[in-house]
Amino acid sequence: IQCCTTAAPPPSTPAAACTANGIAGTCISTSQCTGTSTPGLCSGAADIQCCTTAATSQCTAADIQCCTTAAPPPSTPAAACTANGIAGTCISTSQCTGTSTPGLCSGAADIQCCTTAAPPPSTPAASCTANGVAGTCISTSQCTGTSTPGLCSGAADIQCCTTA
């Protein structure tokens, strides 16, 4: 990795370093990037993205950017998801311009199912009674008490959840 310049850049706040698909880059405006811009890796406005470029054999005064030896590999397409019956895409909450729904995508906590339409309100959970204790029919993964199977309709993981 080398920085290419024949003249000192004008005084300014140094651009933040970033890494896109294993290639070092710089957080700069997409209008200044002469290589590949990768969103979601830099703070600031939406046009501030991680800029990576392939190394060149010659650098000019206009090349005030970090040069890398290879272009980044193609990015993996975002995973598809469905939030309450609405198709969406698993992306960072900072990139979502619609509604973000947590718990439907793998990865970091900010990777959520982004839908362009608001999902319809969820149906209230059904009531149930297990061994004389009132409960609610919910997914076993959401139950913080005791799950009792066979008392609720739906998928196998929808069970009567009681907390007493």
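Me: Where in the protein chain is confidence lowest, and where is it highest?
Reply: The mean pLDDT of the chain is 80, and 74% of its residues reach 70 or more. Where pLDDT is low, the predicted coordinates should not be read in detail. Confidence is lowest in strand β6 (residues 65-67), at a mean of 54, and highest in β13, at 94.

Me: What percentage of the residues of the protein chain count as buried?
Reply: The accessible surface of the chain comes to about 10,200 Å², and carbon and sulfur atoms hold 55% of that surface. Among contacts with a separation of 6 or more, residues 24 or more positions apart account for 34%. Of the 164 residues, the share that counts as buried is 29%.

Me: Which residue in β5 is the bridge partner of T36?
Reply: Strands β4 and β5 run antiparallel and are joined by 3 bridges. Strands of a sheet pair through backbone hydrogen bonds, either parallel or antiparallel. The bridge partner of T36 in β5 is T52.

Me: Is Q49 buried or exposed?
Reply: Q49 is found in strand β5. Leaving aside its neighbours within four places in sequence, Q49 is in contact with T26, C27, I28, T30, S37, T38, P39 and C42. Its relative accessibility is 15%, and the cut-off for burial is under 20%, so Q49 counts as buried.

Me: What is the handedness of the disulfide of C33 and C51?
Reply: The structure holds 9 disulfides, one of which joins C33 to C51 with an S to S distance of 2.0 Å. C33 lies in the loop between β3 (23-29) and β4 (36-38), while C51 lies in strand β5 (residues 48-52), 18 residues apart. The torsion about the S-S bond is about 80 degrees, so the disulfide is right-handed.

Me: What are the relative accessibilities of C33 and C51?
Reply: A residue counts as buried under 20% relative accessible area. C33 is buried, with a relative accessible area of 13%, and C51 also counts as buried, at 5%.

Me: What is the handedness of the disulfide of C90 and C105?
Reply: The disulfide that joins C90 to C105 has an S to S distance of 2.0 Å. This pair links distant parts of the chain, with C90 in strand β8 (residues 86-92) and C105 in the loop between β9 (99-101) and β10 (111-115), 15 residues apart. C90 counts as buried at 13% relative accessibility, as does C105 at 17%. The torsion about the S-S bond is about -80 degrees, so the disulfide is left-handed.

Me: Which residue in β14 does T136 stand opposite?
Reply: Strand β12 (residues 133-139) and strand β14 (residues 158-162) run antiparallel, with 4 bridges joining them. Across this pairing, T136 stands opposite C161.

Me: How many residues apart in sequence are the parts tied together by C137 and C152?
Reply: A disulfide joins C137 to C152 (S to S 2.0 Å), and its S-S torsion of about -80 degrees makes it left-handed. C137 is buried, with a relative accessible area of 11%, and C152 counts as buried at 18%. C137 lies in strand β12 and C152 in the loop between β13 and β14, so the pair ties together parts that are 15 residues apart.

Methods: Residues are numbered from 1 along each chain as its sequence is written. This is a predicted model: local features need pLDDT of at least 70, side-chain atom pairs count only at pLDDT 80 or more; totals for chains, interfaces and linings use all residues. Side-chain values use heavy atoms; hydrogens and water are left out. Two strands pair if DSSP finds at least two bridges between them. Helices (H or I, at least four residues) and strands (E, at least two) are DSSP runs, numbered from the N terminus. A disulfide is a pair of cysteine sulfur atoms within 2.5 Å. Buried means under 20% relative accessible area, exposed over 50%, partly exposed in between (1.4 Å probe, protein chains only). Contact means heavy atoms within 4.5 Å. Accessible areas come from the Shrake-Rupley method with a 1.4 Å probe; for residues, only the protein chains shown count as cover. pLDDT is the predictor's confidence in each residue, from 0 to 100.
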